[in-house]
There are 2 protein chains.
Amino acid sequence: MEVKIEPLKGFTTQIGHLVSQMNYARRTALKAVEGLTATELDYLPSKDGNSIGALLLHMAAVEKGFQIETFEGRSPNEEEMKEWGAAYSLGEQGRKKINGQPLDYYLTKLEEIRHRTLKEFERKTDDWLYENTPWAHHSSNHYFIWFHVFEDEINHRGQIRVIRKMLTNE
Amino acid sequence: MEVKIEPLKGFTTQIGHLVSQMNYARRTALKAVEGLTATELDYLPSKDGNSIGALLLHMAAVEKGFQIETFEGRSPNEEEMKEWGAAYSLGEQGRKKINGQPLDYYLTKLEEIRHRTLKEFERKTDDWLYENTPWAHHSSNHYFIWFHVFEDEINHRGQIRVIRKMLTNE
């Protein structure tokens, strides 16, 4: 297997680097959940923890949210909040609303949303990536926001690995 | 606060991007362990899990290992393996050997090792970053290896957050 960070065909230079990193993060996240059943995806590591299923849907929700913000320049509307709010916030809401689904449910969501990101990235330039935009009250740029999308995914992949280990030990 | 991914003064373009990302990962990792006591740093989330202290030393060990490989072009020697082996491998070895230390012990190691990385990066060029080099039997480049250093840190930062939550709930 080849694992390199480098420019990618079909994208401008920096976007290619970013996509290399997003691809690696995604590949390892998918590897971390391979073969999990619906029951395993619902398992809570502690009573106020998050299930692996909720973490997967959270990854999709974060990406969806930043698509809306950076591609459409707006905040999520009421309908989008209703669909994605629980996955975005996790915690109490996530535990109540995200469960009973097989792995494919989560993988399909992740795949659909990523598909749109890559389509949009094909049309964007490095100048767009460096454009300033606020992030959670910080001075930031589009590059950081999309870095954050994959770094949040890696953070939760780490948690998924711990939860999966707890599952196996039960 | 400013959070951007962009070129950084003192480094070539791509190395600057990489350092922006490493800085952010480090800042959030340090934030995740703020104020922890030696006892909390030794807490095991499960009997075959890793303590937060061990995960911190692991971050330092990974960076140290890739310094030796990519800056010196060799494998760790016996002395280095003795000093860093347990932190690199984690698991049984880590549980036995890494404990009883205050937070500053770990922070000093992280800081010392990062200091060297940045010094070396100041002298490196983007060409060096794209140089091919194997990674764990994969075809890879220096850029990936240093991406991996911070992505592994983010992975463990995610785990630290879960363990810290378990600690608080006990």
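Begin by colouring the two chains separately, and look at where they touch: 100% of the interface residues of chain A are also interface residues in chain B, so the copies meet through the same surface. Please keep in mind throughout that this is a predicted model.

**The two copies**

With both chains still selected, ask how one is carried onto the other. In general, two copies of a chain are related by a rotation about an axis and a shift along it. Here a rotation of 180 degrees, with 0.0 Å of shift along its axis, superposes chain A on chain B with an RMSD of 0.0 Å. This is therefore the relation of a two-fold axis.

Next, select strands E2 and E3 of chain A together with strand E1 of chain B. These 3 strands form an open sheet in the order E2(A)-E3(A)-E1(B), and the pairing in it is mixed. At the edges stand E2 (132–135) of chain A and E1 (2–3) of chain B; each has a single partner strand, so one side of each is left without a neighbour in the sheet.

Strands of a sheet pair through backbone hydrogen bonds, either parallel or antiparallel. In which sense do E2(A) and E3(A) pair? E2(A) and E3(A), the latter covering residues 138–141, pair in the antiparallel sense over 4 bridges. To follow this pairing residue by residue, select Thr133(A), whose bridge partner in E3(A) is Ser140(A), and then Trp135(A), which stands opposite His138(A) in E3(A).

Now look at the link between these strands, where E2(A) and E3(A) form a hairpin with 2 residues between them. In the turn, Ala136(A) has a positive phi of about 45 degrees.

**The sheet with E1 of chain A**

Move on to E1 of chain A with E2 and E3 of chain B, where 3 strands form an open sheet in the order E1(A)-E3(B)-E2(B), with mixed pairing. The edges are taken by E1 (2–3) of chain A and E2 of chain B, each with a single partner strand, so one side of each is left without a neighbour in the sheet.

Within this sheet, E1(A) and E3(B) pair in the parallel sense over 2 bridges, and Glu2(A) has Ser139(B) as its bridge partner in E3(B). By contrast, E2(B) and E3(B) pair in the antiparallel sense over 4 bridges, with Thr133(B) bridged to Ser140(B). E2(B) and E3(B) also form a hairpin with 2 residues between them, and Ala136(B) in its turn has a positive phi of about 45 degrees.

**Two helix pairs**

Return to chain A and select helix H1 (residues 13–33) and helix H3 (residues 52–72), which pack at an angle of about 160 degrees with their axes 11 Å apart. That angle makes H1(A) roughly antiparallel to H3(A), and H1(A) passes H3(A) in a left-handed crossing. Show the side chains of the contact: H1(A) contributes Met22(A), Arg26(A), Ala29(A) and Val33(A), while H3(A) contributes Ile52(A), Leu56(A), Met59(A) and Glu63(A). These residues divide into 6 nonpolar, no polar and 2 charged.

Finally, select H3 (residues 52–72) and H8 (residues 142–169) of chain B, which pack at an angle of about 175 degrees with their axes 9 Å apart. H3(B) is thus roughly antiparallel to H8(B), and the residues of their contact divide into 13 nonpolar, 7 polar and 5 charged.

Conventions. Residues numbered from 1 in each chain as written. Chains lettered and ligands numbered in written order. Predicted model: local features only at pLDDT ≥ 70, side-chain atom pairs only at ≥ 80, totals over all residues. Heavy atoms only, no water. Axes fitted to C-alpha atoms, helices over the stretch in contact; angles between N-to-C directions. Parallel < 35°, antiparallel > 145°, perpendicular 65-115°, else oblique. Left-handed = near helix turned anticlockwise from the far one by under 90°. Contact = heavy atoms within 4.5 Å. Nonpolar A, V, L, I, M, F, W, Y, C, P; charged D, E, K, R; others polar. Pairing = 2+ DSSP bridges. Least-squares fit on C-alpha atoms with pLDDT ≥ 70 in both.
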